[in-house]
Amino acid sequence: MKLKAKRGLLLAVCAAAIVPLAAIPLGWFALTDAALVGQRQNQETPYTSLVPTGNDYYLLRQLNTRVKLAERGATGPLYDSESGMEGMYLSGATYAEGMIYADSDMQAYQDEVLKTLVDGGVLPQAWYDQVKEEIDYWAGSTYYSTDTLGFVRLMTFVGESSSTCLLNMEVDSLTGKVVALWISAEQGHEIDPTAALPAWVELNELDGLGDWSVPVGTDYEESGLYSENGQVLMTCAAGDDNYTTGGQRRFYFSLMLGPYTREVSQ
Amino acid sequence: MTASRKILLPVLAVALLTACGSAPSVSATAETAATAETAPTWTVGDMRMLCNSDEDTYFVSLYQEWEEVGYVFGYDLITRVNLDTGEQEPICRVPGCEHDSPDCLAYVNIQSSEILIAAGDGSLLIYHKALDEEGREEMRSRYESILHDPERRETQYPGLAGEKYLESCVEMLSQPSHLDRISADGLSRERLVTLPEGLNPEIVCWDGNALYGVMQQGNLDVLSQNDGVRIGLDGQVDTFTIPDPGYTSLVGGWNGRLVLRHTRCPVDMNTMFLYGNYNGFYALERDACVDCWLYDPNTRETERIQLPGESSKFLCLAGDLVVYTCAEQEGYSLCTYDLMNGESRVLYTNQDSIFTTAPLNRIGGKPRFVRSYYDYESGIVELSTGRFWSWPELDEMIDQEFPGWYAGNAICETDDDRMVLALYSNNSTETKYTTIPSPITPEENVEDARASLQAVQEYAE
């Protein structure tokens, strides 16, 4: 027999021996699959899907850190071996005396942020017009300060040396998102938190948390939206300011976004 | 190696790899730990106020001095005041005791914070609330260093009185919070409970078996979380959570439940404070309502009572009545809400804020008066009618018997309808005690008195 024919025969013999061997696992799987089909087995570890949390959002991480530091009364170098927290935090000034006088650029920025809130359906036009009118009337001076996390506070007071605050706005400097707004005015106006709050969620790009809902059974039932995923609460409220100017009662408008870790359903 | 072997090996390898494919995996079972809190092993009993008077005795700490140094370094002695005669004597009746050293069971350091509670059987409970550990240790070491430095001691705390005072302060500051009992016969004082270090609650009420109090957690007063604390007379100490502890505090007990004061605001104002918006925080605080919650620690059920009116604020509990204030067009009203039937009533309306009221203990019964303020004047208010009694009005009732003395405080009502008054004089450091007939309106005249008071108020407005 020629050598070429011999090789062919050898290959055929090998193939004939190996193919059935290789088929054994296939057969085994087919048989076990058939045995498993129709059987029920309990999953012993619960299924967990990936859900967003507050930590997935820069703005909320910043706010969580800010509140933690403020709760510890940290207003300077911070070295704490117990919690492993090291570094430095400086809170921004909250009174005109410690703040920086805002030039026209900063005042324009303040106005731009307010208009963004109006255009976004968060701040009612009537409240915007009211505070603008009073800032003009009282010749309100605007000051600003920053903390080391990058939050900017802009405050406008009645006159030069008054402690009566017409407006207090807090903005994250990196993203330009508003985290708190306080307006005090001689005339109050209607608000609609059910419309303003979802609009604010969208404006702050927090809708991805996906579970914003009314915190039923809490003090914030009529004024708030809560995300359990984000452990965050935002409120929109108006009421009696209790401060007066020229014997006139004042009213407030408030927007607040902040960490909220306490039990919500009571 | 032959060529056939070269082919055979990869084929076998493929066969083996396919055979070693994915078999059904068995995942490890993760055991879920139950984290549910267990219900307390105790129940709230018949709650009562903390009061320092019983049948015929009023217990009070009165200032004493070792030497005539003029209200500088002295000590307090727990003293019995006989409500019938006004006579005063130290509670300590140990034969031979001079009542001038910490060995005397009536002795109290003047810097110490002691709450006296008449137990009802003639004995007296004394709760000592220690300072926080850090502050206590700082003060103790400061006093100790002066005590052991004769030159400084003589300059800052001269004489025997100064030395005794320093020794007493060091001793007091060494002690954690504790609860003692002085026996009815005044012959012994025993320590019932020593609280764990760091647990220094404010006590607000008791039920005969235990004291109940509240403890603030946190380094900022306005942002502290409040925990409930129960101190059993048998020595058992428990802490327990109360609902919404950032905005709720324990103020008393009623009908087997704990009474909580809850601040209700549409904004999370504690976070607003942390953000540094103080104008906003204080405006919200003034505008907030302070509700009354009834909480059962065993079932953890809460009944939330929203007091009527605008910016209504729960001030105190007086028997079945929640005493509160609310804002009106013409000022602020002092009102009551009856927990038994849910009825509320305005007692009087004032132009200025009404900040505080405190119930006047009535031995063996429910309080009928609260201490309050009216047009910048303090006095007592009758809960059934709203009639306000100023101190000068009460002075007129004692003037003939105690010329030169004036009524400065109402202590309690006795079970035979007398009111105990503390009397002061501009010419004496002494405090006298006497009783007058309780200025209570007879039940059959309550409606008439209410109507006439309302008419007077409307006319004045």
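Modeller: Strand S24 (residues 369-374) of chain B pairs with strand S25 (residues 377-382) of chain B in the antiparallel sense, over six bridges. Strands here are DSSP runs of E with at least two residues, helices are runs of H or I with at least four, and both are numbered from the N terminus. Two strands pair if DSSP finds at least two bridges between them. Within this pair, Val370(B) stands opposite Val381(B) of S25(B).

This is a predicted model, in which local features need pLDDT of at least 70 and side-chain atom pairs count only at pLDDT 80 or more, while totals for chains, interfaces and linings use all residues. Residues are numbered from 1 along each chain as its sequence is written, and chains are lettered from A and ligands numbered from 1 in the order in which they are written.

S24 and S25 belong to an open sheet of four strands in chain B, ordered S23-S24-S25-S26, with antiparallel pairing. Strand S23 (358-359) and strand S26 (388-390) of chain B are at the edges with a single partner strand each, so one side of each has no neighbour in the sheet. Strands of a sheet pair through backbone hydrogen bonds, either parallel or antiparallel.

Helix H7 (residues 391-398) of chain B lies across S25 and S26 of chain B and runs at about 70° to S26(B). Such angles run from 0 to 180 degrees between N-to-C directions, with axes being lines fitted to C-alpha atoms, for helices over the stretch in contact. Two residues are in contact if their C-beta atoms, placed from the backbone, lie within 7 Å.

Elsewhere in chain B, strand S12 (residues 210-217) and strand S13 (residues 225-232) run antiparallel and are joined by eight bridges. Gln216(B) has Asn226(B) of S13(B) as its bridge partner. S13(B) also pairs with strand S14 (residues 237-241) of chain B, again in the antiparallel sense, over five bridges. There Val229(B) stands opposite Thr239(B) in S14(B). The hairpin of S13(B) and S14(B) has four residues between the strands, and in this hairpin Gly235(B) takes a positive phi near 100°.

The contact between them takes nine residues from domain 1 of chain B and 11 residues from domain 2 of chain B. In total, chain B has eight helices and 29 strands.
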